[in-house]
Amino acid sequence: MADKRFRIMNYAPVALKNLFSKPVTTTYPAEPFVYPERSRGHVDIDIDDCIGCGMCVRCCPPGALSVNKNAGTWTIDRFDCIACGFCVTKCPKKCLHIVPGYQEPGGEKTAVTYTKSPEVLAAEAKKREEMAKKAAEAKAAKEAAEKAKAAEATEKA
Ligand code: SF4
Ligand code: SF4
């Protein structure tokens with residue numbers, strides 16, 4: 001009996017607190033749901049910062065990601081994503097984030113594709129062109145130097 005009374009005394013503060021506090025339940029969806037700050041909602045990307053390295057694709061356990069460097073696209077199948085956050089930790093450009101808010105339910109599995117802005121795509125294409133030009137110039141200079149060296153060796157012989 002004494003043991004039972006002791007247990008009731010233990011619960012009394014909690015019962016009193018609950019009696020005078022607001023209900024913990026919310027009237028969702030009438031009221032918008034406020035996600036906890038650290039909730040793992042979904043993966044988001046700053047697509048213009050992505051370099052298309054594919055690190056996120058390689059580390060994704062369910063294979064929910066794909067990337068096309070030349071097209072400047074990054075695709076996620078949100079129905080496959082388990083929100084583990086591996087891609088976020090592996091991304092060298094820190095352009096992936098886990099943000100609050102869950103995906104909407106759907107009847108079909110669909111992937112979402114993000115594409116870089118036309119300005120960034122144009123700048124990257126220009127950079128690639130310049131690099132290719134520089135590489136071609138360096139190759140031509142090397143070949144010319146080798147030819148000159150070979151000609152000099154023939155002259156000496
Ligand atoms: S959070 Fe995990 S499962 Fe989702 S895309 Fe990133 S690595 Fe894949
Ligand atoms: S790891 Fe980051 S930079 Fe690399 S492809 Fe994925 S999102 Fe882009």
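The following legends describe close-up views of a predicted model.

Residues are numbered from 1 along each chain as its sequence is written, while chains are lettered from A and ligands numbered from 1 in the order in which they are written. In this predicted model, local features need pLDDT of at least 70 and side-chain atom pairs count only at pLDDT 80 or more, whereas totals for chains, interfaces and linings use all residues.

**Figure 1. Overall layout of the chain.** The chain contains four helices and five strands, where helices (H or I, at least four residues) and strands (E, at least two) are DSSP runs numbered from the N terminus. Along the sequence, these elements follow the pattern α-β-α-β-β-α-β-β-α. The radius of gyration is 30 Å, well over the 15 Å that the globule rule gives for 157 residues, so the chain is more spread out than a compact globule. This radius is taken over C-alpha atoms, and the globule rule is 2.2 Å times the number of residues to the power 0.38. The C-alpha trace spans about 115 × 40 × 25 Å along its principal axes. Buried residues account for 9% of the 157 residues; a residue is buried if 20 or more other C-beta atoms lie within 10 Å of its own, exposed if 12 or fewer, and partly exposed in between, with C-beta atoms placed from the backbone.

Figure 2. Of the 15 residues around ligand 1, Cys60, Cys81, Cys84, Phe86 and Cys87 come nearest. A residue is near a molecule or strand if its C-beta atom, placed from the backbone, lies within 6 Å of it. The shell comprises 14 nonpolar residues, one polar residue and no charged residues. In this classification, Ala, Val, Leu, Ile, Met, Phe, Trp, Tyr, Cys and Pro count as nonpolar, Asp, Glu, Lys and Arg as charged, and the others, Gly among them, as polar.

**Figure 3. The largest nonpolar core.** This core has 13 residues, and those with the most contacts inside it are Cys56, Cys60, Leu65, Cys87 and Leu96. A nonpolar core is a set of buried Ala, Val, Leu, Ile, Met, Phe, Trp, Tyr and Cys residues joined through C-beta atoms within 7 Å. Two or more residues are given to the core by each of strand 1 (42–45), strand 2 (65–68) and strand 3 (73–77). Leaving aside residues up to four places away in sequence, Leu65 touches Cys56, Val57, Cys60, Thr75, Ile76 and Cys87. Two residues are in contact if their C-beta atoms, placed from the backbone, lie within 7 Å. Among contacts in the chain between residues at least 6 apart in sequence, 71% join residues at least 24 apart.

**Figure 4. Loop residues and backbone geometry.** Most residues other than glycine have a negative phi, and most peptide bonds are trans. The peptide bond from Tyr28 to Pro29 is cis, with omega near 10°, and Pro29 lies in the loop between helix 1 (2–20) and strand 1. Ala83, although not a glycine, has a positive phi of about 55°. Ala83 occupies the loop between strand 3 and helix 3 (86–90) and is partly exposed, with 16 C-beta neighbours inside 10 Å. Lys94 likewise is not a glycine and has a positive phi of about 55°. The loop between helix 3 and strand 4 (96–99) holds Lys94, which is exposed, with 10 other C-beta atoms within 10 Å.

**Figure 5. Loop residues and their spatial separations.** Asp46 is placed in the loop between strand 1 and helix 2 (55–59) and counts as partly exposed, with 13 C-beta neighbours inside 10 Å. Asp46 and Lys94 are 48 residues apart in sequence and 8.8 Å apart in space, C-alpha to C-alpha. Lys69 sits in the loop between strand 2 and strand 3 and is partly exposed, with 13 other C-beta atoms within 10 Å. Lys69 and Ile51, 18 residues apart in sequence, have a C-alpha to C-alpha separation of 7.2 Å.

**Figure 6. Helix 4.** Helix 4 (residues 118–156) has 39 residues and reaches 57 Å from its first C-alpha to its last, close to the 57 Å expected at 1.5 Å a residue. The expected span is 1.5 Å times one less than the number of residues in a helix. Of the 39 residues of helix 4, the number buried is zero, so the helix lies largely in the open. Ala122 is found in helix 4 and counts as exposed, with 11 C-beta neighbours inside 10 Å. The C-alpha atoms of Ala122 and Lys133, 11 residues apart along the chain, are separated by 16 Å.
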